[in-house]
Amino acid sequence: MANEVALTVNGLKTYIYTNNRCNRALDGVSFEIRQGKTLCIVGESGCGKSVTADSIMQLLPTLSRIEDGEITYHGPDGPVRIDQLPRDGAKMRAIRGKEIAMIFQDPMTALNPVYSIGFQIKEMLKYHTGLGRSDRHSKAIDLLRSMGIPLPEKRVNEYPHLYSGGMRQRAMIAIAMSCNPRILIADEPTTALDVTIQAQIFELMDTLKRDHGTAIMLITHDMGVVAELADDVAVMYMGNIVEAGPVGKVLRNPVHPYTRALLESIPVLGRGKDQEIKAIPGQTPDPYNRPKGCQFADRCAYRIGACDQMPDETQVAPDHRVTCWRYEEFAADAAE
Amino acid sequence: MQPNDPILKLRDVQVHFPVKTGVFKRVTGHVRAVDGVDLDVRRGEVLGLVGESGCGKTTLGKAILQLVRATQGTVTYSGEDGETELTSLDDAGLFRFRKRLQIVFQDPHSSLNPAFTIFGSLEDPLRHYGVKTREERRKIVGDLLEAVNMRRESMDRYPHEFSGGQRQRIGIARALSIEPELIVCDEAVSALDVSIQAQVLQLLMELKREKNLTYVFITHDLSVTEYLCDRIAVMYLGKIVELCDAEDLYANTLHPYSQALLSAIPVADLDKKSRRIVLQGDVPSPVNPPSGCPFHPRCRYVVDRCKTEVPELRRFKSAKGEHMAACHLIDQPLAEQPLRTESP
Ligand SMILES: Nc1ncnc2c1ncn2[C@@H]1O[C@H](COP(=O)(O)OP(=O)(O)O)[C@@H](O)[C@H]1O
Ligand SMILES: Nc1ncnc2c1ncn2[C@@H]1O[C@H](COP(=O)(O)OP(=O)(O)O)[C@@H](O)[C@H]1O
Ligand code: SF4
Ligand SMILES: [Mg+2]
Ligand SMILES: [Mg+2]
């Protein structure tokens, strides 16, 4: 089961149209999510992390379209091309929630304020499982308990506004986990929470991965989170994956200038005051007016003439890939 | 007035907000946002203030600047003109000191008026403090924008034309405009992407060196504080539970809450993975804080004494200067008496 692929995304292009202008939010993105593993997608705001998740869940804004590429869910009954399913068709609705569940940064995106938490869990169970009424009730309580919600017998009947931020997040995970999904997509689930609450959520996610073999795609902008939770990592910049591979390789031997610059721009706890941090100059380009070639070129210290064209994605190792004209020099450097 | 002399002394500072309920808005309790803080801010230092949301960082920052008035305790400023107890002054009396003490907020959007050009927002404090001619004000604002690595011409544009990082720099320019001695930075870089965050951090440090500033740096990001700050104060439920040299907080953590907080921080270094100490439950309400040690319901070392007796902030031995912590179970305090009785 360890290396079983749960979901494949291949050459995905998702464009968003606003005011007659086209934003190539995802411009050819490929990756796999494996059963019992965590893939972290990391990058600055606006790089396309949420659009990636929303493409998989078919939750994209109305004025957007998957222009090219494939999203394949490897379900128990064989592969399913998610990108070809109608957004609100029966098949997609059956997959969403039961097979692939999603949790968000703001739990109120997923929670309905006018229903009790218990009702919302039980609705999921009713829709997706064959459990009877009283079984659903006790399963809801069990789920809340396993998420560390105190007094679950009482809390199950309470409304979301009575829950604290951390508890709402856990309740949303309880709903997401109610049908034992094979894939959990988590879009910055802890960004608004304190680190102590984040630690509780991460414990839960680790348990899911370990005990249920859930495949996890965790979106974050925090390299610390990547180091702690990822098995695999994909670094995104302006709609492209610029570098991807096992976390050990990407963090220890980064070969893309952006990955390197990101790692050098953050202070690391425990390294004290003498560490040198380097800011990345400039800012991300206007998404409606993107550079023609490498999207990072304007901020890159290694830019050469060739960078005005888009470099190809190249494997530096069978499991480690990069999109940069000068990767060979950096790979040699990283190997030293 | 030497460097390292306290610029501000806080003694038993408390800020309690009334909780009003019902149609008649009767006061039914108090949020003890800041609940007895003793602290010296030293001239020229960067003092970090960390802790989970709701622990009172912002309120303490505002109480330092007299933007909220302490319900009890004193804040004393000392400068060239001697010592002044700010907490006993009225608004008119404070006017002279407001200029010296400034604040930069997390969201510069809410602090820059969207209807005004940048010049419009930045000239206000200058006019207030007596820069009479418009030409003079335009020159100063231009210089300030250049000081924060922006073009002079930006002054005639509106806030929405700038990115988050740029707006944050404008917020810093405004805080600098009347040449303060101390700036409270309240989550000033927290909303920024890491690559932009590093730009603003470096800017803050350059300005500090050039202008001999003192910073009180409020954040929930302990990796940033360790790198940036000279000392760090860890807060929990309105109280300081640990106060020490920034590197010492990590190398020689004394308080169980600081230990849990530090262990929860994801570290971007595969060789530094530590065991997470997962705290159960949420922070209790500051309206009804626990008896005894405020951390006792979540502390893994709790003993009976912790439930009844409030631990004082005591001084401990450390290679890196003084190290204060408020916990009954830490042995060998350097001096048994608490800070409060020490400097009258
Ligand atoms: N609902 C939307 N309408 C218009 N543009 C959007 C919408 N959602 C995302 N975008 C654009 O798509 C790009 C990628 O955004 P997103 O995936 O949300 O970034 P991230 O999650 O990495 O911060 C950005 O340029 C963003 O402005
Ligand atoms: N103006 C106010 N009125 C009532 N309660 C307040 C007010 N400002 C802050 N509080 C409360 O005081 C406590 C501390 O808040 P704050 O200083 O903002 O914490 P932090 O900045 O550490 O997140 C919180 O419980 C908060 O809800
Ligand atoms: S392709 Fe060129 S500009 Fe882009 S990251 Fe590589 S060296 Fe830098
Ligand atoms: Mg997002
Ligand atoms: Mg605050």
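**Entry 1. Strands of chain B.** I began with strand 4 of chain B and its partner, strand 5 (residues 82–85) of chain B; the two run antiparallel and are joined by 4 bridges. I noted that this model is predicted. Within the pair, I found B:Gly79 opposite B:Gly82 of strand 5.

I then asked in which sense strand 1 (residues 6–21) of chain B and strand 4 (residues 72–79) of chain B pair. Their pairing is antiparallel, over 5 bridges. Here B:Arg11 stands opposite B:Thr74, a residue of strand 4 of chain B.

**Entry 2. Ligand 2.** I listed the residues around ligand 2. They include B:Glu52, B:Ser53, B:Gly54, B:Cys55, B:Gly56, B:Lys57, B:Thr58 and B:Thr59. I also found B:Phe17, B:Val31, B:Ala33 and B:Pro286 among the residues around ligand 2. Which elements of chain B each supply at least two residues of this shell? I found strand 2 (26–42) and helix 1 (57–64) of chain B. Helix 1 of chain B provides the largest share, 3 residues. Sorted by class, the shell holds 5 nonpolar, 5 polar and 2 charged residues.

I next looked up contacts to oxygen atoms of ligand 2. A polar side-chain atom of B:Thr59 lies 2.5 Å from one such oxygen atom. From the backbone, an N or O atom of B:Gly54 lies 2.7 Å from an oxygen atom of ligand 2, and for a backbone N or O atom of B:Cys55 the distance is 3.3 Å. The protein covers 61% of the 560 Å² of accessible area that ligand 2 has on its own.

**Entry 3. Ligand 1.** I turned to chain A. Ligand 1 is surrounded by 14 residues, of which A:Asn23, A:Gly46, A:Lys49, A:Ser50 and A:Val51 are the closest. I found an N or O atom in the side chain of A:Asn23 at 3.0 Å from an oxygen atom of ligand 1.

Helix 1 of chain A gives the most, with 3 residues. By class I noted 6 nonpolar, 6 polar and 2 charged residues around ligand 1.

**Entry 4. Ligand 3.** The residues around ligand 3 include A:Cys294, A:Cys300, A:Cys307 and A:Cys324. Also among them are A:His256, A:Tyr302, A:Trp325 and A:Arg326. I recorded 9 nonpolar, 1 polar and 1 charged residue in this shell.

**Entry 5. Second largest pocket.** I noted a volume of about 560 Å³ for the second largest pocket. It is lined by 23 residues, and those closest to its centre are A:Gly97, A:Met102, A:Ala110, A:Met124 and A:Ile175. Helix 2 (90–98), strand 6 (100–103), helix 3 (117–128) and helix 6 (165–177) of chain A each give two or more residues to the lining. Which of the elements has the largest share? Helix 3 of chain A does, with 6 residues. By class the lining has 15 nonpolar, 5 polar and 3 charged residues.

Conventions
Residues are numbered from 1 along each chain as its sequence is written. Chains are lettered from A and ligands numbered from 1 in the order in which they are written. This is a predicted model: local features need pLDDT of at least 70, side-chain atom pairs count only at pLDDT 80 or more; totals for chains, interfaces and linings use all residues. Side-chain values use heavy atoms; hydrogens and water are left out. A residue is near a molecule or strand if one of its heavy atoms lies within 4 Å of it. A polar contact is a pair of N or O atoms within 3.5 Å; within protein, one must be able to donate a hydrogen and the other to accept it, and residues adjacent in sequence count only if both atoms are side-chain atoms. Accessible areas come from the Shrake-Rupley method with a 1.4 Å probe; for residues, only the protein chains shown count as cover. Ala, Val, Leu, Ile, Met, Phe, Trp, Tyr, Cys and Pro count as nonpolar, Asp, Glu, Lys and Arg as charged, and the others, Gly among them, as polar. On a 1 Å grid over the protein atoms alone, a cavity is a set of points where a 1.4 Å probe fits but cannot get out, and a pocket is an open set with protein on both sides within 12 Å along at least five of seven lines; lining residues have an atom within 4 Å of a point. Grid points are joined across faces, edges and corners, and a volume is the space filled by probe spheres set on the points. Two strands pair if DSSP finds at least two bridges between them.
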